[in-house]
Amino acid sequence: MKRIEEELKKVKNEVLDCKKCSLYKERVKNRFYPVVGEGNHQAKIMFVGEAPGLQEAKTGRPFCGAAGKVLDELLDSVGIKRKEVYIANLLKCRPPENRDPQPEETKNCSPYLERQIEIIKPRVICLLGRHSMNFLMEKFGLENQIEGISKIHGRLFESKNLSLNITVIPFYHPAVAIYNPNMKKVLEEDFKILKTIIK
Ligand code: SF4
């Protein structure tokens, strides 16, 4: 346990000092925080989003705005507490105006996420949104199975890459449910699969 704490702390300190891509300048200019990740260091389930939104960048906490509220409700609907899971993002600093991650930013920042996964060793990684889905499915050797999120949301994919036996599940990003109750229902149905995995 001590080893996990120390290794995660090392990742955190590196992110706090990181200047590897231009998002660092945005962060400093706006007095934002990087969002490293938080949650249970021995989590069986890890959630990976895309990048911090405004609220997240202001606080340094992942999924703490409106989309985070939806995520909390979804977790609640399947009896999972937020403190039981670990939540991180593909990018640690906020892209301006919530634009898509650029390839160079993903290339520079993703090694932090990969290390977090290798340290925590979750059994299941829930991919929240298109960018984290594409990146991690490729990393886990599942590139041939990537399709549009509307086709593969809620499906389980098994992988042995990164020296881990891992299940990845793509989900719609919780933000889609903020103004669309129908999408909330879709997400609620998809989240039910987590109950069976936890058992
Ligand atoms: S987004 Fe990632 S790579 Fe870019 S400055 Fe922030 S921590 Fe470093």
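A: What follows is a walk through a predicted model, taking the sheet, some helices and the ligand in turn.

Q: Okay, sheet to begin with: how many strands does it have, and in what order?
A: The sheet is an open one of six strands, arranged in the order β1-β3-β2-β4-β6-β5, and its pairing is mixed. The edge strands, each of which pairs on one side only, are β1 (38-39) and β5 (157-159).

Q: What does "pairing" involve here, in general?
A: Strands of a sheet pair through backbone hydrogen bonds, and they do so in either the parallel or the antiparallel sense.

Q: So which strands run antiparallel?
A: β1 and β3 run antiparallel and are joined by two bridges, and in that pair Gly39 has Tyr86 of β3 as its bridge partner.

Q: And β2, is that strand buried or exposed?
A: Strand β2, residues 45-49, is mostly covered, with five of its five residues buried.

Q: Why would neighbours in a strand end up on opposite sides?
A: In a regular strand the side chains alternate between the two faces of the sheet. Strand β3 can be read in that way too, with Tyr86 and Ala88 pointing one way, Ile87 and Asn89 pointing the other way, and all of them buried.

Q: Which strands does β2 pair with, and how?
A: β2 pairs in the parallel sense with strand β3, residues 86-89, over four bridges, and there the bridge partner of Met46 is Tyr86. β2 also pairs in the parallel sense with β4, again over four bridges, and in this case Phe47 has Cys126 of β4 as its bridge partner.

Q: What about β4 and β6?
A: Strand β4 (residues 124-128) and strand β6 (residues 166-171) are parallel as well, with five bridges between them.

Q: Can you zoom in on Val124, and say where it is?
A: Val124 is placed in strand β4, where it stands opposite Thr167 in β6. Val124 counts as partly exposed, having 19 other C-beta atoms within 10 Å, whereas a residue is called buried at 20 or more.

Q: Which residues does Val124 touch?
A: Leaving out residues up to four places away in sequence, Val124 touches Lys44, Ile45, Thr167, Ile169 and Ile197. Val124 and Val168 are 44 residues apart along the chain, yet their C-alpha atoms are separated by 5.6 Å.

Q: Switching to helices: what can you tell me about α4?
A: Helix α4, residues 66-77, has twelve residues and should span 16 Å at 1.5 Å a residue, and its end C-alpha atoms are 17 Å apart, which agrees. Within α4, the residues Ala67, Gly68, Val70, Leu71 and Leu74 are buried.

Q: Then how about α8 itself?
A: The 18 residues of α8 should span 26 Å at 1.5 Å a residue, and the end C-alpha atoms are 26 Å apart, which agrees. Leu187, Phe191 and Leu194 are buried in α8, and they cover an arc of only 35° around the axis, which puts them on the same side of the helix. On the other side of α8, Asn182, Lys185, Glu189, Lys192, Lys195 and Thr196 are exposed.

Q: What do the buried residues of α8 pack against?
A: They pack against β2, α4 and β6.

Q: And α1, is it mostly buried or in the open?
A: Helix α1 lies largely in the open, because the number buried among its 16 residues is one. Helix α1 covers residues 2-17 and reaches 23 Å from its first C-alpha to its last, close to the 22 Å expected at 1.5 Å a residue.

Q: Last topic, the ligand: which residues come nearest?
A: Of the 14 residues around the ligand, Cys18, Cys21, Tyr24, Cys93 and Cys109 come nearest. The elements giving two or more residues to this shell are α2 (23-29) and α5 (103-120), and α5 gives the most, with three residues.

Q: What kinds of residues make up the shell?
A: By class, the shell around the ligand holds nine nonpolar, one polar and four charged residues.

Definitions and conventions. Residues are numbered from 1 along each chain as its sequence is written. This is a predicted model: local features need pLDDT of at least 70, side-chain atom pairs count only at pLDDT 80 or more; totals for chains, interfaces and linings use all residues. A residue is near a molecule or strand if its C-beta atom, placed from the backbone, lies within 6 Å of it. Ala, Val, Leu, Ile, Met, Phe, Trp, Tyr, Cys and Pro count as nonpolar, Asp, Glu, Lys and Arg as charged, and the others, Gly among them, as polar. The expected span of a helix is 1.5 Å times one less than its number of residues. A residue is buried if 20 or more other C-beta atoms lie within 10 Å of its own, exposed if 12 or fewer, and partly exposed in between; C-beta atoms are placed from the backbone. Two strands pair if DSSP finds at least two bridges between them. The arc is that of the directions from the helix axis to the C-beta atoms. Two residues are in contact if their C-beta atoms, placed from the backbone, lie within 7 Å.
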